[in-house]
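Q: I'd like a close look at just one part of this model, and then a bit of its surroundings. Can you walk me through it?

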Amino acid sequence: MTIDHKRINGPEETIPYELFQKLNTKSLTTQFNECSKDGIRKDKRKTDEHRKIFITTGVVSQAKGSSYIELGNTKVIVSVFDPREIPNRTDYSLKGEIDCEFKFAPFSCPKRKLQQQDSEEKHYSAIMKQALESAVCRHEFPNFQVDIYALVLHNGGSALSAAIIAAGLALSHAGVPMYDLITSVTLGLQNGEKLVDLTLEEETLCLSPIADSKSHGIVVLSLLSTHEQVSQFFQTGNLTLEDVVECTHLLTKACKDIVPLIQKTLAKHVVKNVKESI
Amino acid sequence: MALCEAEKTFVLHGVEENFRIDGREREDYRPMELETSIVSHAFGSARLRLANTDVLVAVKIEVDIPFPEKPNEGKIEFFVDCSANATPDFEGRGGEDLAIELSNSLSTAYQSSRAFDLSKLCILKGRKCWKIYVDILLLECGGNLFDAVSLAVKAALWNAQLPLVKSVHVDGNNIEMDVSEELYDCQKLDIKNAPVMVTVCKIGDYCIVDPNQAEEKCSVGSIVVAVSGDRLSTVLQTGAGSLHPTTLVESMKLGHTVGQRLNQALWEALQQIPEDQDVGFLK
Amino acid sequence: MSRNKELLSKIGLRLDGRRANELRRIRCKLGVFTEPDGSAYIEQGLTKVLAAVYGPHQVRGQRSKAQHDGALVNCQFSMAVFSTGERKRRPRGDRKSTELSMHLQQALLAAIKTELYPWSQIDVYVEVLHADGGIYPACVNAATLALIDAGIPLKEYVCACTASLANNDVPMLDISHQEEAIGGPTLTVAALPMSGKIVLMEMSQRFHLDHLPKVLEKALQGCKDVKNILDEAVRLHVQDVGSSTGWVIKN
Amino acid sequence: MKNEPLLCLPGQRLCLSDKTHTSGQGTYERQGYIYSMLAGTVDIVEKDGVQIVEVHTKGEQTIVPVQGDIVTAQVYIITQQFCKCFIKCVGDTVLRRHFRGVLRREDVRATEKDRVEIYKSFRPGDIILARILPITEAHTYQLSTAENELGVVIAHSEHGHPLVPISWTEMQCTKTFVKEPRKVAKVVPENPKDMET
Amino acid sequence: MAVEYKTLHPQKYYNYYLANNIRPDGREFDKYRPIVLNVNSVETADGSAICKIGQTTVICGIKAEFCRPKAETPNEGFIVPNLELPPLCSPKFKPGPPSDQAQVLSQLIADIIKNSNCVDLKDLCLHPDKLAWCLFIDFICLDFDGAIIDACIIALMGALKTVTLPTVDYDAALDNKLVNIEERHPLKIYSTPVSTTYIIFDDKYILTDPTVEEENLCSGLVTIVLNADEVCCVHKPGGTALNEGQLFDCIQKSKKRSKYINELIVSAVKALN
Amino acid sequence: MEKGELQCKFGILSRPDGSVMLSEGNTTVIAGIYGPVEVKMQKVLIEKAAVECHYRPKSGLPGVEDRFYESIIRNICETALAASMFPRSAISVVIQEMQNSGELISCAINAACLACLDSGIDMKCMFAAVSCFLGENNQLSLVPPVNRKEIKATFVFVFDNICGKIIASHTDGKFSESLYEEALYICMNESKNIFSFFKKSLFEREEKGKKK
């Protein structure tokens, strides 16, 4: 480990203690069956059921817009700031830019994350940007950049989807003009089952194939609901075309399911503002 | 590259008529040139030229320690370098965003053990494994980078020779490996299912493959489909713009069929590559 | 061990079988890419370098850098991570690359008629694909070819070459990586070979001052030889390009 | 308030876009319909027999200055040729993050442009009202004070005491009565002490 | 108009209020903002807490990892506190490595942990010279609205009091470790330091528990950390000079608050069980 | 109880506008000051000079702990310097640690004050720092114990020379309130000696200047 002169440094080498626990000897198949059996999952959900979602706006007083979301155990906070000049840019651009920074808090995952962004976080930042770019009316702030910062406080699975939903809400809260409300859902495939809104455990299990030759993988989809446009789609793993197509349909529906909740949250915020202004 | 509205309309009309600006049909690729073993001191290498897009890939292999959480697996790392030769915008760290996007898409496409089995790279559980560095140098950008990069990577991995470990001795904390001295005593990597990516661009109401730079500019949304065998290993949306779910599904279907064709073509091309070729950039 | 290896055997042959004043094989090509305004590829022995030239164009980035009396020459040296035996961690940004970028810029400034393009900028990018000794000379030579390909007015060719001293006596031309590693002193010279002007001279390790004239002379001779090879390549290239537009070549 | 305000959310379809309804501030048009792009309330403004559909937020607004806007800015650097400012408010909206602006010598006043001297018009720290000129460069806004209503509104003398305007070109220190030259805006500065009432 | 005046001439805006013995947010000079403490909210951490003082929000998460003790202190573990002020919490901060401010605050937190002896490093040693715990204490500011250090210390104590470490069977001869994740034991906490921040405004007013606006405009800052009856830090990094009386007055005020916050932490931790 | 001898040498660096090498007992520090100089665009302050401080440890790159000292010294200098005299400029104080035997911070602060005085930049007041140590025997002392492990607590106070008020206070370790009070008065008394040392040194510097 190189010494970071701008932080307090620990000892040179540290190892997470989780590696030394008693080995889990169960095969992946049994582990997965424990997670999901006969269409009922560990947390008593059906395969296409969302976890409980709690969402609120205006949590960061210093930010222009902010929101906080709890997707089951997953907790994400997002803040949005005023447009600022695009750094290192000299030519005039007709469309504004948005810049996303997705970060896991060091203690948010089972394995400790470093303070610097790693490649996974950079990848997620890019996906977030992709998802939000087509939702924001970028021509309204030419030449400027809106910064969006997402911080995962606790990763309980589907953190990226949570961050995208929260970011969409934070943008509306900041009064950034938007074409539509954005929702996002993560889905996992394993052993012929399709699970909506993954927990962390399910996420890990969907990443590697179980012995037989069925599809496995994770799909994330973000939807602009009014215009029914997919603004971002991301899949990993190993899936047949039929599986992917089916997932797309499942996810579109799942995304629409949470729209009313987003609308309610936002409406609450508007009502509050209207009342204050009277 | 900046396009004015009239130029965009021209491209759009071309796509509608199924007669694109360079004369191709919607599902056609531009001509490709592929060479392997072009970097003499790498374990494997390939150079792919897809019209104006030029990619050079070299594979280097080192001995490493497996990740503690995956003791049975070797490692593969993709590193993309956008050379400033391609465009002055890449000077310094200018190409980093693109490079990260490309390397991330490669690593997700190779993530599943069905696409590329890392467990074959393990030498001794938890102690020693091979680490494959796939270094991609982008020399010229003429559109459709994802396809070109994935093809070149697959070709370079096909070309790569993994040293043969004859035996491993463990003595407490010391591990001795006996690597075959014989120069031709090597293993080939299994890359049968290594993914091939296809970029599908939506222009107007139609989807095309292998967009050139002008077409990329006119696209209202595009997806990259990584095809591994007859399955999909990664699908991701790129660039600004959104797609209707139906369009999305259609593009994936198109990408899936084209990807399989492309994979087949690559496979045939690889078999035909002559043993001793020395052309490189002098051709 | 390496000390025992002699740079020059008794019969006057070097480790790779060359004679003391022999260059490695140079092969080059102009116009390898379409996107840049000029590009070139050069092989000197195993060392392989690609160069690309963009410009002259408007000054990018900070406008205030523009000069009223001449073009700004911006050079970037970069090495592919796989170019060396041991994999490099990053292609550029380290001290050595920055230094080489600066040296390249100095050499090129001496040849380019910058005064013709005030307020503008010329970008020269070199990419080393395979490093096997003499990286800097190969970069300078490649950049020269790329500049010619781009049609940028030059005072004359700028060529570079390395020279060393074998057995503390015999000067030796065009040092390979193997010879560098064994540890002979290396004198790198970039020159304008027609006028015989030296634009850059750099030396690693040491030898007695008395040896300098002959080693330097050798290096300059090397530069001239390189120039002749490049010149031939350029003529061939111009003929190629010209004939396609209907030139009639009179010999 | 004649009736309950009508709430709307981004992406909400508001009405058909036809001869009598056009899309205004905070809305956009797509495929013949008008949609909202903000979370706020719907306002309909009648103009020339056409109903302009607008959406306004009551909370935070994200705006960037556009050509023609009146902005409040603070001068921070002056040179012979121009002065640089931080734009702090656009119209009535207070910005959380300021923008950069440049006021060139020839844009200070409308008449006798060639005789303008920057240091006789502005001093670092002055608060000015200015208008945004057409945008030419990427990062800075060009400003103009070439109108009677534009120019310095709040300023302090060298010793830090408030200045009050005494003419178009001069302000006077309230404590030392020293006169200082300024390009004064034609507004009566509100007495800050009245604010609390 | 008030908002505009506030952005253009904040100092004067504040002075008008303070002259009337009230702060713009309606508090009197020595009044605190409400505090909310929520412990063990992040399950992936070994101990965690979120503290809110008014709008200021800090989350503290503790993760333990194995490491080897230093040669000069073979029977001690490590505590590595770091504060992040991410751009998320305020437009003042930019992405990238920690700002000077973040570094100064990290160091102050480290000093307070060390001075107060709230954790005995010897407790963190599992086997002398071979194996010890390293506690990574990461603070992330979620909303930067003044008195950040106070919030950090409350969150720190909340988190430390909820830390549980798994039991470890260590075989020194073979360097074999076996961790029993289910069987956890709490960390022993020896004291509870409490920090209170004051600012000096316009060289004459002393305000407690400042907001970020007040901090930006103040002419001096004092942080006093008390540990029951003992003082463990009086940190006044320059700024307007105070006389002894004013300084001791601050210490007296802090004493009262220290008791209150101690109770708050105890009840928050109790509510958990 | 006697404090380590103070020794100083002015103008030991030629480039800065003011410089000094100061020793307190076995602790030595070099301080230099540049200012007012041109300031970076990002740091411009409209109504006063931007004061910055760079603290360099004896070896290696400055870490987090050094940044902490840096901020304290910077704040103190900002308080004492008449920064509003030089708006839109910068004053930078550079401190190089030479040797540390315990009273490093106070020595660095005093050196900063002397460097400011040497440069002739306008100041609102002088400042002097005094360190005080609580030993194993619960006795307060101005001299650091030889064995660092014996220190139970350290106090550093910085006073101004006009009304002897406390500009800065920094403590290390745990202690009772009364002990803090005691340390404060000990240091306050001692600060007078330091101010007179400052005056004496400056006077000597003047004398030397005249002779030349």
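Which residues in helix 3 of chain F are buried?

A: Quick ground rules: this is a predicted model, with local features needing pLDDT of at least 70, side-chain atom pairs counted only at pLDDT 80 or more, and totals for chains, interfaces and linings using all residues. Residues are numbered from 1 along each chain as its sequence is written, while chains are lettered from A and ligands numbered from 1 in the order in which they are written.

Now the helix (a DSSP run of H or I, at least four residues, numbered from the N terminus). The buried ones in helix 3 of chain F are F:Y180, F:A183, F:L184, F:C187, F:E190, F:S191, F:I194, F:F198 and F:S201; buried takes 20 or more other C-beta atoms within 10 Å of a residue's own, placed from the backbone. An α-helix has 3.6 residues a turn, so residues three or four places apart point the same way.

As for confidence, chain F averages a pLDDT (the predictor's per-residue confidence, 0 to 100) of 89, and 99% of its residues score at least 70. The model as a whole gets ipTM 0.90 and pTM 0.91.

Zooming out to chain pairs, a contact means two C-beta atoms, placed from the backbone, within 7 Å. Chains B and F have none between them, and their closest C-alpha atoms are 23 Å apart.

Note on methods:
Buried ≥ 20, exposed ≤ 12 C-beta atoms within 10 Å, placed from the backbone. Helix = DSSP H or I, 4+ residues; strand = E, 2+ residues; numbered from the N terminus.
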